[in-house]
Amino acid sequence: MQELLDQILESAEHGAIGEQLGISADDAKNGLGALLPALTGATQAKVREEGGLGMIVDAISGGSFERLAPDAGGSVEEAATEGEGILQGFLDGGMIDSVTSKVSETTGLDPSTIKKLLPVAASMLMGFLAKRGKEGAAEEGGGGIGDVLGGMLDKDGDGSFLDDVMGGA
């Protein structure tokens, strides 16, 4: 998972994100660096729900999220708009407040800044997953988005994420 987060953060245009949201590039980078693991955790929680994995795979493979990948050159405004919809599918209002509060405490950033970054981070994550899924499907023997999600959710690195999301050993 850390590799995924590093790749997203390395390719993100922190200056452009900060400028469009009215924050510094450093604040954008710090906020995204804290939000992406939180959103990955929300994805893991969604997978544990009945039908959650299918919903995520359908959303990623059925949309055109790859245009929102950090290196795709999409606008921050578009990412924020799309991100609002993504968040509605993953987090309820209480979870958004909880994530905002925890990330604010961790980073020292104002909660209003975190709330600006949250939909952008959600779009970046979905865009990255969609892009990686399509790249994986294009490779010989690649499993596409299932492989990408499996790798992201496989906490113990045993090659299977099912034991991790189902609470097994």
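**Entry 1: Thr 43**

I looked up Thr 43 and found it in helix α3. The model I am reading is a predicted one. Is Thr 43 buried or exposed? Thr 43 counts as buried because its relative accessibility is 4%, and the cut-off for buried is under 20%.

**Entry 2: α3 against α5**

The axes of α3 and α5 come within 10 Å and cross at roughly 45 degrees. That angle makes α3 oblique to α5. Which residues make the contact? From α3 I noted Leu 39, Ala 42, Thr 43 and Lys 46, and from α5 I noted Leu 87, Gly 89 and Phe 90. Sorted by class, this contact of α3 with α5 has four nonpolar, two polar and one charged residues.

**Entry 3: α5 by itself**

I checked the length of α5. The helix has 15 residues, and at 1.5 Å a residue they should span 21 Å. The end C-alpha atoms of α5 are 20 Å apart, which agrees. I also listed the buried residues of α5: Val 76, Ala 79, Ala 80, Gly 83, Ile 86, Leu 87 and Phe 90. Two of these, Leu 87 and Phe 90, I had already written down for the contact with α3.

**Entry 4: α2 against α3**

Next I turned to the pair α2 and α3. Their axes are 7 Å apart, and the helices pack at an angle of about 105 degrees. The two helices are therefore roughly perpendicular to each other. On the α2 side the contact is made by His 14, Gly 15, Ile 17 and Gly 18. On the α3 side I noted Ala 25, Ala 28, Lys 29 and Leu 32. By class, the contact of α2 with α3 has four nonpolar, three polar and one charged residues.

**Entry 5: Leu 117**

I moved on to Leu 117, which sits in helix α7, residues 111–138. Its relative accessibility is 0%, so Leu 117 counts as buried. What does Leu 117 touch, leaving out residues up to four places away in sequence? I wrote down Ile 17, Leu 21, Ile 23, Asp 27, Ala 28, Gly 31, Leu 32 and Leu 35. Among them, Ile 17, Ala 28 and Leu 32 also take part in the contact of α2 with α3.

**Entry 6: the core**

I looked for the largest nonpolar core and found that it has 35 residues. Which residues have the most contacts inside it? They are Ile 17, Leu 35, Leu 39 and Leu 117. The elements that give two or more residues to this core are α2 (14–21), α3 (25–48), α4 (52–62), α5 (76–90), α6 (93–107) and α7. The largest share, eleven residues, comes from α7.

**Entry 7: the whole chain**

Last, I looked up the totals. The protein chain has nine helices and zero strands. Of its 169 residues, 44% count as buried. I also looked at contacts between residues at least 6 apart in sequence, and 66% of these join residues at least 24 apart.

Notes. Residues are numbered from 1 along each chain as its sequence is written. This is a predicted model: local features need pLDDT of at least 70, side-chain atom pairs count only at pLDDT 80 or more; totals for chains, interfaces and linings use all residues. Side-chain values use heavy atoms; hydrogens and water are left out. Helices (H or I, at least four residues) and strands (E, at least two) are DSSP runs, numbered from the N terminus. Buried means under 20% relative accessible area, exposed over 50%, partly exposed in between (1.4 Å probe, protein chains only). Contact means heavy atoms within 4.5 Å. A nonpolar core is a set of buried Ala, Val, Leu, Ile, Met, Phe, Trp, Tyr and Cys residues joined through side-chain atoms within 4.5 Å. Axes are lines fitted to C-alpha atoms, for helices over the stretch in contact, and angles run from 0 to 180 degrees between N-to-C directions. Angles under 35 degrees count as roughly parallel, over 145 as roughly antiparallel, 65 to 115 as roughly perpendicular and the rest as oblique. Ala, Val, Leu, Ile, Met, Phe, Trp, Tyr, Cys and Pro count as nonpolar, Asp, Glu, Lys and Arg as charged, and the others, Gly among them, as polar. The expected span of a helix is 1.5 Å times one less than its number of residues.
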